[in-house]
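Here are a few exercises to work through with the structure open beside you. Try each task before you read its solution.

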Amino acid sequence: MAGPEPLVNAPSTPLAIEAVGVVKSFPGVLANDHVDFDVRQGEIHALLGENGAGKSTLMNVLAGLYRPEAGGVRVAGQAVDLRSPRDAIAAGIGMVHQHFTLVPSQTVAENVLLGLDRPRFRLDLKRTEAEVARLAAEIGLRVDPGARVWQLSVGEQQRVEIIKLLFHGARVLILDEPTAVLAPQETAELFTTLRSMADAGRSVVFISHKLGEVLTIADRITVMRGGKVTASGIDPRGVARSDLARLMVGRPVLEALKRTAVEPGRVVLSVEDVSAHNDRGLPALRGVSLQVRAGEIVGIAAVAGNGQSELAQVITGLRACTGRVVVHGRNIAGRPSRVAIASGVGHVPEDRAGVGSAPNLSLVDNLILRRFRHAPVARGPFHDEGAARSKAQQLQVAYAISAPTINAPVRILSGGNLQRLILAREIDSAPSLLVAVQPTRGLDVGAIEGVHQLLLDLRAQGTALLLISEELEELLALADRILVMYEGRVTAAFDAPGVHHVDAIGLHMTGGAGAAPEERGAR
Amino acid sequence: MTIRFEPRGEAPPWLSPVLTLAAVVVALAIGAVVLAFVGGDPIRTYLHIVDAAFGDIGVLSDTLVKATPLILTGLACALAFRMRLWNIGAEGQFLLGAWGASAVVLWPIVPAGTPAVVVIPAMMLAGAVAGAVWGLIPGVLKARLGVNEIITTLMLNYVALAWIQFWVFGPWSEGGFQQTVPFAREAWLPRLTDFADQFPLLAGLTTHLGLVFALVATAVMSVVVSRTRWGYEMRLIGDNARAARYAGIDIARYVIVVFAISGALAGLAGMSEVSGVVHRLQDRISPGYGFTAIIIAYLARLGPWRVVVASILFGALILAGREIQPSGVPAMIQGIIMFCLIAADVLVRYRIRLGGRVAATT
């Protein structure tokens, strides 16, 4: 037992679960340093913190995935030993992870049955489907129990995860960054569901780093930073946004971006009637046309899987397409990525570790990815390691990439540092067009601010930017124009977008006015 | 008592070479246990292996003769493995190289009596080209159609052997025996013993010019992989092909070219073996050099100069094989080394925690 009960007001409702003095370390990191955390019955408790604050570690302890080195977990006042997720679910604790744990080829009902000991022998899917439908209706979730998971949108898959846990008897539901994959309307719908579950006496732990959401949905808020709790169970009504941000980041945060007025110049990128297929061979882009001018940020708003990733790949030469992709008057559609690079197209890819970097190679090798063909790194056929190293050193300092040495493999870098490395490399190659896909996903508040400023500086220098993001706030803060994509088409355009456009943009992102949110994406 | 594996972050740079050496030591220790079990004296056996392989200049020379084809095929594998192209067809490419070199004198492509300065380079070229063609088949299939190179290279080994057998049993057979007639002296690679007239010390030493080919190839590959743009591009493709494509590298072209070069190196090994050692083509020309090469490339962790060291070790084991009863001992040690190397790889990526301490189980 470590530390006194930090709450001033005594809990009026019984506690559903408690974590007491949890300590959990990983090589080189103390992820949880004597953490206390409790959840009352029937409440929505938000756990707020930056990446690496220890939120997920704590939740994985509660979900039976990690075992703490010290401290323990109590359920309804009883100490329990959670050795596996199976133990946790038996104790009524279920967790929805960021990456779903569903079998795509199976139906919703089959997925719900996974991991259960019943039925013992005869599989009566019809009965399960009826049970699933009843459970879903109880909490206001709409899901077709007979649908196959791969046919469902991300939002629907999330609902299946929730129903699965409820079906398995979860009384406490832990959701790890559940809104990261959702459109605004889907988020609102999720919040309604969570509220109705809490009203029915279940408890919800809601992990997030988005202040606005937390203030909207939470009954209580716990903030973590650097493996410790910095605010425990505070009431959202008495706390300001800026205070929460300070508790989370450890210093005052003010997103004061220097945004200079730039008169857009000539057209740098012109996409004309481009169509392309996705990796599964299904149509992903259906006749997209758009233009980006020098000194302009054009934002693409879309729910994941509506063709925006394929659009970035088409422009950067990584995906075949029909139609024309004209950069500086030259059609590069269907040409290899080397041609796009030579035309001055920079690319901050969506998948940093999978596409944007070579994980086992050093910072040096990764930082010269755009420069190895040219002097000074290339001298004839030879590779000048000295020149590569001095370039890498220069970029590491200029962009504050924190790493033990420039020889370290980049896989040891944190997400934020890896993203800085990629941005450093792309910006340093002085692109005339930068295609940035989800440039701040997974970064913490301080880092996001830095990336936003870098993008605005590029714009001020006359670079054309195509910014593809699922964060509407980010697009509103940065973009001069926002285009909405839905099912592989540009369905709406907003000039000089502002906060008052959020509802309209959100509506178009989910398929236009009147369309139900479960309308399926072009995936 | 529990054993748990935890992923490591950054493995320290000394770890990999230390584990490689440890794997060899452990393999020798396991081999010693087996030897003791069958009633042998392990220490005497190992001393005998050392003596039989390095004991005097004569056997040292023989060890180098065995190491020569291993270096070339080892480089062939190491080069392909750097790009994560699993060329396990060095054996077949070796055989085709031997066949190509033989064709120069047996077909004959050059008339009898042509001087060595013409015959030898022609044989080198023919051997390398034949090996390269054998490498190009899986290379092109992989690059253009995405055919799994492990299957194609493995299967082509059997095709190559059948091809050799056809020629040595048929058109080139020496009176019905499964070998060809001996090559004329012009088709022999010079050996040290050939210079015994001037330097009597060299008498009886069979080390031949193929060793020089192997060392030159090692030096060239070492420079290419560490100091050229191609080396950088290969590193990139090997670590993350998607990142390489993103960087504008034409991966298909690299797959084809690297397979061709890999095949050419193995082909040159075959040429060096027929021209430097056997002086005729037989169907049993290789005791599995192309397969041992896989272990060598692995043991050398794909480093060209380390391939030379590993090849000498394995050359010694092969040589000692004819001295030791039962002669399966070196083959057993080879196998155990491979086994220990793969096991040691786990330790590079994971740390092992013993005992009741609670650790991550994900």
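**Exercise 1.** Find which elements of chain A the buried residues of α5(A) pack against, and work out why α5(A) counts as largely enclosed.

*Solution.* This is a predicted model, so take your time with each step.
- Start with the helix itself: α5 of chain A covers residues 154-167, 14 residues in total. From first C-alpha to last, α5(A) reaches 20 Å, close to the 20 Å expected at 1.5 Å a residue.
- Next, apply the burial cut-off: a residue is buried if 20 or more other C-beta atoms lie within 10 Å of its own. The residues of α5(A) that pass include A:Val160, A:Ile162, A:Ile163, A:Leu165 and A:Leu166. A:Glu156, A:Arg159, A:Glu161 and A:Lys164 are also among the buried residues.
- Now list the partners: the buried residues of α5(A) pack against the strands β6 (93-96) and β7 (172-176), and against the helices α3 (108-113), α4 (125-138) and α6 (184-199).
- Finally, draw the conclusion: 12 of the 14 residues of α5(A) are buried, so the helix is largely enclosed by the rest of the structure.
- One more thing to look at is A:Gly169, which follows α5(A) and has a positive phi, near 95°.

**Exercise 2.** Describe how α7 and α12 of chain B pack, and identify the residues that make the contact.

*Solution.* 
- Locate the two helices of chain B: α7 spans residues 210-227 and α12 spans residues 304-321.
- Read off the geometry: the helices pack at about 145°, with their axes 8 Å apart.
- Pick out the residues: α7(B) brings B:Thr218, B:Met221, B:Ser222 and B:Val225, while α12(B) brings B:Pro304, B:Trp305, B:Val307 and B:Val308.
- Sort them by class: six are nonpolar, two are polar and none is charged.

**Exercise 3.** How many residues of chain A are in contact with chain B, and how do they divide by class?

*Solution.* 
- Count both sides: 31 residues of chain A are in contact with 23 residues of chain B.
- See where they come from: α10 (337-342), α11 (352-356) and β18 (382-383) of chain A each supply at least two residues.
- Classify the chain A side: 19 residues are nonpolar, eight polar and four charged.

Conventions:
Residues numbered from 1 in each chain as written. Chains lettered and ligands numbered in written order. Predicted model: local features only at pLDDT ≥ 70, side-chain atom pairs only at ≥ 80, totals over all residues. Helix = DSSP H or I, 4+ residues; strand = E, 2+ residues; numbered from the N terminus. Expected span 1.5 Å × (residues − 1). Contact = placed C-beta atoms within 7 Å. Axes fitted to C-alpha atoms, helices over the stretch in contact; angles between N-to-C directions. Nonpolar A, V, L, I, M, F, W, Y, C, P; charged D, E, K, R; others polar.
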